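Student: I would like to go through a protein model with you, one topic at a time. May we begin?

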Amino acid sequence: MKDRISSFRRIQASLLKRNANNWREHTESQETALRAILNEVGFASACLVRDCKNGTFELIDGHLRADIAEDEKVPCLILNVTKKEADKILATFDVVTSMARTDQLALERLIGSISTESEEVRDLLDSLKRENLEFQEVYEAEDETPVLVDSYRILIDCEDEAGQVALLKRFKKEGIQCRAWIS
């Protein structure tokens, strides 16, 4: 595999050219959460930028971090990629990351081990737990796969309830799987 990282630099965030093709929209709650993490922990990830070869650098990943940092210097991995390659990274970078599944128990252990004095960070951690618990409930829901298999049914119209009960008893006695249907 190619290594497209040509260097690492700290660049003033306001000097980084925002990518006009950036398709991510950052919500207020995301900005609040990221700002809280940056305030409590600091930068733990570099922005991905493309060297435009004219003394400027264009963001590929890290737009919100750069927006929050404003005039501070931010860590940047400088990539030696073309504009088309940068667009490919921009389109897929977050998407590929989001394809990972969650190990609910590992996440709960991790969240339980974290201490913070920041209400925003605590809210973020609690929301992660809630979102994954909701996902877990969906995951643990009754498996309805059998509904998807081919099945063959006969609907028999009966004169009345007594006739329906008589047929149900007879079919069950013969080992035929059946159930009452009232409409």
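Student: Is Glu-58 buried or exposed, and at what relative accessibility?

Tutor: Glu-58 counts as buried, at 3% relative accessibility. Buried means under 20% relative accessible area, exposed means over 50%, and partly exposed lies in between (1.4 Å probe, protein chains only). Please note that this is a predicted model, in which local features need pLDDT of at least 70 and side-chain atom pairs count only at pLDDT 80 or more, while totals for chains, interfaces and linings use all residues. Residues are numbered from 1 along each chain as its sequence is written, and side-chain values use heavy atoms, with hydrogens and water left out.

Student: Which side chain does Glu-58 meet in a salt bridge?

Tutor: The side chain of Glu-58 meets that of Lys-83, at 3.3 Å from N to O. A salt bridge is a side-chain nitrogen of Lys or Arg within 4 Å of a carboxyl oxygen of Asp or Glu. Glu-58 lies in strand 3 and Lys-83 in helix 3, so the pair ties together parts that are 25 residues apart in sequence. Helices (H or I, at least four residues) and strands (E, at least two) are DSSP runs, numbered from the N terminus. Lys-83 is partly exposed, with a relative accessible area of 31%.

Student: How many salt bridges does the count come to?

Tutor: The count comes to 10 salt bridges. One of them joins Asp-94 and Arg-24, at 3.0 Å from N to O. This pair links distant parts of the chain, 70 residues apart: Asp-94 is in helix 3, and Arg-24 is in the loop between strand 1 (5–12) and helix 1 (28–40). Another, at 3.9 Å, is formed by the side chains of Asp-126 and Arg-122. Both of these residues lie in helix 5, four residues apart, which is about one turn of the helix.

Student: Changing topic, which residues form the largest nonpolar core?

Tutor: It has 12 residues, among them Ile-11, Leu-16, Val-49, Phe-57, Leu-59 and Ile-78. A nonpolar core is a set of buried Ala, Val, Leu, Ile, Met, Phe, Trp, Tyr and Cys residues joined through side-chain atoms within 4.5 Å. The elements that give two or more residues to this core are strand 2 (47–51), strand 3 (57–61), helix 2 (63–69) and strand 4 (73–79). Strand 4 gives the most, with three residues.

Student: Why would such residues be found together?

Tutor: In soluble globular proteins, nonpolar side chains tend to be buried together.

Student: What does Phe-57 touch?

Tutor: Leaving aside residues up to four places away in sequence, Phe-57 touches several residues, including Ile-11, Leu-16, Val-49 and Ile-78. Contact here means heavy atoms within 4.5 Å.

Student: Where is Lys-53 found?

Tutor: Lys-53 is found in the loop between strand 2 and strand 3. Its phi is near 65°, a positive value in a residue other than glycine. Lys-53 is exposed, with a relative accessible area of 61%.
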